[in-house]
Amino acid sequence: MSFSQKVLNWYKEHKRELPWRSTRDPYKIWLSEIILQQTRVVQGTPYYFKFIEAFPTVQDLAAAPEEKVLKLWQGLGYYSRARNLHATAKMVVKDFGGEFPNSYEGLKQLKGVGDYTASAIASICFDIPEPVVDGNVYRVLSRYFGVELPINSTKGTKYFKELAREVMDTKNIRDYNQGIMEFGAIQCAPKKPYCLLCPLNDGCAALNENRVKSLPVKLGKTKLKHRYFNYLVLVDANQNTLIEQRKGKGIWQNLYQFPLVETGSIADHDTMVKELQQKPYGKNLESLVLFNEEPIVHKLSHQHLHTQFWILKPSEKIKDGISWDQIGSFAVPVLIADFIRTFKI
DNA sequence: AACTCGGGGAC
DNA sequence: GTCCCAGAGTT
């Protein structure tokens with residue numbers, strides 16, 4: 001039996017019933033694929049339901065303000081996905097009459113839709129024989145065919161895409177593509193796959209050569225940066241506070257946060273007093289109190305954010321502030337959301 | 001080709 | 001602590 005036929009048989013037997021598996025609606029498939037980029041199914045699924053409920057159609061999504069899209073996306077990470085999601089919805093409505101492109105090349109031109117996602121939508125919605133190559137597929141192919149090229153190298157990326165194209169089932173591309181990803185997620189798992197009862201074990205190069213543990217090969221990660229954040233939590237006599245929107249490049253673009261002072265190391269009280277001289281509200285303070293004695297270390301992929309929250313009581317009322325109970329309506333990073341949850345005025 | 005961009009779960 | 005997740009975009 002062929003590789004692809006074994007994958008298809010396994011999939012038929014073991015596939016999970018997922019909410020986007022029962023439709024060919026390009027809007028729903030596209031939404032699910034964007035949500036699931038670098039995201040586990042269990043983490044993304046609640047967001048899929050939230051978005052479908054808030055925006056049943058691409059027109060609804062396109063008509064929404066970006067802030068509402070970001071608020072719904074809050075907690076899922078990689079927020080450029082949400083911004084691109086919204087931009088693409090607007091483009092589909094404005095330029096394409098509300099219809100998604102029905103070709104691989106057309107789909108790839110959408111913001112946030114790259115090689116993988118274009119192949120996924122094309123195959124799942126339109127039965128176009130394009131192979132998907134996600135993290136699961138890299139793992140399955142590298143093990144079964146014993147490929148040692150790094151999956152995140154230029155040569156590796158090209159090689160695996162060609163290999164995936166050679167072994168795919170063009171007649172059942174919709175099920176095959178989802179099948180090989182599901183197989184990688186459940187059977188050919190990253191750690192301790194149960195090869196003993198794997199239906200592909202006899203032809204698996206990695207298993208036969210005892211290389212399962214060392215495949216796939218991946219190039220080294222870039223190293224960690226440490227940053228020191230000091231958030232200024234203003235609370236005036238009216239229970240108003242100040243927030244601002246992150247602009248420009250970097251993390252959390254377009255999300256909200258408290259005014260931020262970034263320092264080169266952990267800041268003490270004196271340092272903050274000096275820093276505050278530069279702020280319009282920082283010169284006349286009734287009090288400046290550090291909320292968390294031990295810095296909170298918020299961990300991102302490539303950065304650790306050592307964070308202190310400073311509670312400021314200004315002598316005068318804040319202008320351009322918001323009342324504290326409005327704060328929940330803004331999209332904020334998890335770091336800020338966690339603080340808001342624990343801090344009671 | 002290397003870097004950036006989040007958060008969470010499994011181990 | 002480490003690794004990885006239905007990757008894409010920028011430099």
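1. A polar contact is a pair of N or O atoms within 3.5 Å; within protein, one atom must be able to donate a hydrogen and the other to accept it, and residues adjacent in sequence count only if both atoms are side-chain atoms. Such a contact is made by Ser153, whose side chain reaches the backbone oxygen of Pro150 at 2.8 Å. Ser153 is found in the loop between H9 and helix H10 (154-167). Its relative accessible area is 14%, so Ser153 is buried. Here buried means under 20% relative accessible area, exposed over 50%, and partly exposed in between, with a 1.4 Å probe and protein chains only.

2. On the basis of the note: this is a predicted model, in which local features need pLDDT of at least 70 and side-chain atom pairs count only at pLDDT 80 or more, whereas totals for chains, interfaces and linings use all residues. Residues are numbered from 1 along each chain as its sequence is written, chains are lettered from A and ligands numbered from 1 in the order in which they are written, and side-chain values use heavy atoms, with hydrogens and water left out.

3. Chain A has 14 helices and 9 strands. These elements are DSSP runs numbered from the N terminus, helices being H or I with at least four residues and strands E with at least two. The C-alpha trace of chain A spans about 80 × 50 × 30 Å along its principal axes. Of its 345 residues, 51% count as buried. Among contacts (heavy atoms within 4.5 Å) in chain A between residues at least 6 apart in sequence, 67% join residues at least 24 apart.

4. DNA strand C has 29 residues around it, of which Leu36, Gly112, Thr117, Arg139 and Lys249 come nearest. Sugar and phosphate account for 65% of the atoms of DNA strand C that come within 4 Å of the protein. A residue is near a strand or molecule if one of its heavy atoms lies within 4 Å of it. The surface near DNA strand C divides into 9 nonpolar, 8 polar and 12 charged residues. In this classification Ala, Val, Leu, Ile, Met, Phe, Trp, Tyr, Cys and Pro count as nonpolar, Asp, Glu, Lys and Arg as charged, and the others, Gly among them, as polar.

5. A polar side-chain atom of Trp20 lies 3.2 Å from a base nitrogen, and one of Asp134 lies 3.1 Å from a sugar or linking oxygen. Helix H2 (26-36), helix H8 (115-126) and helix H9 (135-144) are the elements that give two or more residues to the surface near DNA strand C.

6. Around DNA strand B there are 22 residues, and Thr154, Gly250, Ile251, Trp252 and Ser301 come nearest. Of the atoms of DNA strand B that come within 4 Å of the protein, sugar and phosphate account for 57%.

7. Base nitrogens of DNA strand B are approached by side chain and by backbone. An N or O atom in the side chain of Arg40 is 3.4 Å from a base nitrogen, and a polar side-chain atom of Gln43 lies 3.4 Å from a base nitrogen. From Leu76, a backbone N or O atom lies 3.3 Å from a base nitrogen of DNA strand B.

8. Leu215 and Pro216 are joined by a cis peptide bond, with omega about 0°; Pro216 is in the loop between helix H12 (205-208) and strand S1 (225-234). Gln38, although not a glycine, has a positive phi of about 55°. Gln38 lies in the loop between H2 and helix H3 (41-54) and counts as exposed, at 71% relative accessibility. Gln239 is likewise not a glycine and has a positive phi of about 60°. Gln239 lies in the loop between S1 and strand S2 (240-241) and, at 38% relative accessibility, counts as partly exposed.

9. The buried residues of helix H14 (residues 334-342) are Leu335, Ile336, Ala337, Phe339 and Ile340. They pack against S1, strand S4 (256-257), strand S7 (296-299) and strand S8 (303-314).
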